Amino acid sequence: MQLQHLSKKRLILIDLDGTTLMSNGEEIHPITKKALINARKEGHEVCIITGRPHRASIRFYNELGLTTLLTNFDGAHIHDPISKKFKRIVFPISEEIVSEIMNHEKIKSSISNILVESYNKAMVREKDEFVENFFHLDDVDDDEYKITDPYKSWEGSATNLVLFIDTEDNRDEVLRVLEKFKHTIKIQSGNVYGNLTKSSKLMITLTNKIVNKGFVTDILAQYYNKDIRDVIAFGDQMNDYEMVQKVGYGVAMKNGSQELKNIAAGITNLTNNEGGVGEYLEKLLKGLEV
């Protein structure tokens with residue numbers, strides 16, 4: 001891959017986990033950090049598009065010195081954390097649908113735990129280390145996080161509804177029930193984020209049906225007046241698929257899923273733990289063939 005028209009100022013879209021962040025989920029590799037900050041200083045726009053909520057991404061947004069729009073929940077929440085001149089966009093699952101799903105007899109009898117989230121609050125029925133770590137539930141203080149029964153306490157719509165199923169057989173039964181809601185929700189397992197533990201395999205995440213990173217890519221390209229063919233995007237898992245496929249310069253991580261690599265225009269030479277985004281981006285913006 002080689003960048004054309006080097007004088008153009010680009011829109012650079014970055015996923016966090018497995019891409020910009022190292023595998024511990026807590027650090028940006030120095031090579032990647034330097035390249036992204038330099039790109040911003042050179043006049044390029046850098047935007048984070050992540051499955052993480054705001055509470056678990058704002059630290060890295062600030063670390064990179066960004067002032068652009070921030071996208072969370074894979075596109076269900078788009079906002080401007082700094083100037084707040086962009087009116088917040090939230091794509092939720094309606095309160096009626098959330099209630100109908102939660103209270104379905106088969107679902108209610110098949111779950112070991114349940115998490116309900118909105119863009120600024122989260123509620124989980126049972127305290128669980130895997131759930132807290134996977135969803136970054138106590139990362140910052142300004143989001144409301146409660147360990148209480150959503151069946152008794154949750155009110156309103158939700159950007160994310162997560163069902164933790166007790167057995168594999170019940171998971172299949174629950175998936176059959178959820179087919180009834182296919183026109184309003186998108187159904188995914190924890191595997192879409194590259195987590196292959198038993199807990200994630202028995203986890204079903206539900207979001208608004210139209211939400212995906214490709215959809216947000218169009219919004220951001222329009223907002224920053226960029227031709228989609230000039231946009232650069234980095235991702236590692238299948239929730240990055242639509243974003244990487246849509247842009248002119250879609251790059252999959254060396255450590256990413258094979259399915260994503262199959263449709264990407266390029267693949268980084270290094271992994272996320274080696275500064276893959278930074279090494280690739282620096283060469284790309286210099287006009288080198290990578």
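User: Is Phe 73 buried or exposed?

Analyst: Buried means under 20% relative accessible area, exposed over 50%, and partly exposed in between (1.4 Å probe, protein chains only). In this predicted model, Phe 73 has a relative accessible area of 5% and is therefore buried. Phe 73 also takes a positive phi of about 50°, although it is not a glycine. It sits in the loop between β3 (70-72) and β4 (77-79); helices (H or I, at least four residues) and strands (E, at least two) are DSSP runs, numbered from the N terminus.

User: On what basis are such values given?

Analyst: Residues are numbered from 1 along each chain as its sequence is written, and side-chain values use heavy atoms, without hydrogens and water. As the model is predicted, local features need pLDDT of at least 70 and side-chain atom pairs count only at pLDDT 80 or more, while totals for chains, interfaces and linings use all residues.

User: What is the relative accessible area of Asn 225?

Analyst: Asn 225 has a value of 70%, so it is exposed. Its phi is positive, about 55°, and it is not a glycine. Asn 225 belongs to the loop between α10 (213-223) and β12.

User: How many residues of helix α13 are buried?

Analyst: Eight of the ten residues of α13 (residues 276-285) are buried, so the helix is largely enclosed by the rest of the structure. Among them are Tyr 280, Leu 281 and Leu 284. The covering elements, by contact (heavy atoms within 4.5 Å), include β1 (11-14), α2 (30-41) and β13 (249-252). Just after α13, Gly 287 has a positive phi of about 85°.
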